[in-house]
Amino acid sequence: MIEWFAWAQFAVALAAGLLCLTLGLARRLPSDLTVGALALVEALLLAQLVVALIAPTVGNRATGSVLEFYVYLVGALLIPPFAALWGLLERTRWSTVVLGIAALSVAVMVYRMLQIWTVQGV
Amino acid sequence: MSGQVGVQISGVGRLLVAVYGVLALAATGRSIVQVFTKFDQAPLAYALSVIAAVVYGIATWALIRSGAGAYRIAWVAIGFELVGVITVGTLSLAMPNLFPHDTVWSKFGMGYVFIPAILPIVGMWWLARHRPGVDVS
């Protein structure tokens, strides 16, 4: 895991979550902006997957449980597509709030992944 | 109910489903890790983790489904969670040696910002206001 990249990813997920929550509570329906924000969160997770697969081969190894790391990563990868699908099927403002909850959940999971990679087991 | 077939939940109740879904995913992931890596260390705590994960999954499913059957299942699943979080939460504080390893319910769900304690109460409130066939929303 590249630390600055994980923090950037955390910040993007947090910002996307707060944006969607705010717009949802302001009665906005899911839009290109909010669904796009979740797409960005998902793209960064896919990039993180690539980084996590390559990093150990160049000496950047997880200090904690690799299994736990990947359970979080795979779990996080599942969340934005479900939330976005929900937003496309259900055109209500609550779907925008759900997008926000999804992005915030990803932010928490990225933070846990960073902990597992850098401080767990040290 | 909003004219849709097969879907019980609407409006703000959808948030409940979303949070339950995330919690089910988190509890499932965690219990898989615990069972596969260190089940011998704390069989009671990790068996509870698996049960909690399954019940969160059932609750999520039952909240999405419509009909009297799913409604009853939702009550049972959410009631089980409330009993679980209160029992394990109290025991983990009163007799910490019984739960040396964390479960989703330890210390009233502190590791999950107390969501496991708050969610069943919100869920029961929602269920009580949304009996099948009675539209109050």
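**Notebook: annotated spans and one helix pair**

I first looked up residues 36–57 of chain A, where the chain is 86% helix and 0% strand and the end C-alpha atoms are 33 Å apart. Helices (H or I, at least four residues) and strands (E, at least two) are DSSP runs, numbered from the N terminus.

I noted that this is a predicted model, in which local features need pLDDT of at least 70, side-chain atom pairs count only at pLDDT 80 or more, and totals for chains, interfaces and linings use all residues. Residues are numbered from 1 along each chain as its sequence is written, and chains are lettered from A and ligands numbered from 1 in the order in which they are written.

I then consulted UniProt, whose unreviewed entry lists residues 36–57, 69–88 and 94–114 of chain A as "transmembrane region"; such annotations may be inferred rather than shown by experiment. Residues 69–88 of chain A are 100% helix and 0% strand, with end C-alpha atoms 30 Å apart.

Residues 12–32 of chain B are 95% helix and 0% strand, and their end C-alpha atoms lie 31 Å apart. Residues 108–128 of chain B are 67% helix and 0% strand, with end C-alpha atoms 23 Å apart.

Finally, I examined helix α4 (residues 93–118) of chain A and helix α1 (residues 13–38) of chain B, which pack at an angle of about 20° with their axes 9 Å apart. The angle makes α4(A) roughly parallel to α1(B) (angles under 35 degrees count as such, on a scale from 0 to 180 degrees between N-to-C directions).

Note on methods: Parallel < 35°, antiparallel > 145°, perpendicular 65-115°, else oblique.
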